[in-house]
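This report describes selected features of one structure. The sequence and model come first.

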Amino acid sequence: EFAAAVKQIRQELKMSLSDVAKLSGIDRAALSRLESGHVDNPTFSTLDRVANALGKRLRLALEDNRVGT
């Protein structure tokens, strides 16, 4: 879900992966893997840096995981 949102926002902003890499300090290849969902457990710091590069803020929430409630 996060990966798809990152890619969509980046494309809406007409930013390349290289643009986001420069602003976030994260390698372009790593960003590509993140967007494609090939990063199983990115750190909060990484997600926050990507969000900031896109002009967004990262919000963490707890949600009920019980089925049927």
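## Basis

This is a predicted model, in which local features need pLDDT of at least 70, side-chain atom pairs count only at pLDDT 80 or more, and totals for chains, interfaces and linings use all residues. Numbering starts from 1 along each chain as its sequence is written, and side-chain values use heavy atoms, with hydrogens and water left out.

## Helix H2

Helices here are DSSP runs (H or I, at least four residues), numbered from the N terminus. In helix H2 (residues 17-24), the buried residues are Leu17, Val20, Ala21 and Ser24. They lie on the same side of H2, because they cover an arc of only 105 degrees around the axis; the arc is that of the directions from the helix axis to the C-beta atoms. Lys22 and Leu23, on the other side of H2, are exposed. Buried means under 20% relative accessible area and exposed over 50% (1.4 Å probe, protein chains only).

The buried residues of H2 pack against H1, H3 and H4, with contact meaning heavy atoms within 4.5 Å. Gly25 follows H2 and has a positive phi, near 75 degrees.

## Glu35

Glu35 belongs to helix H3 (residues 28-35) and is buried, with a relative accessible area of 11%. Not counting residues up to four places away in sequence, Glu35 touches Ala3, Val6, Lys7, Arg10 and Leu17.

## Pocket lining

Helix H1 (2-12) and helix H4 (44-53) each supply at least two residues of the lining of the largest pocket. The largest share, four residues, comes from H1.
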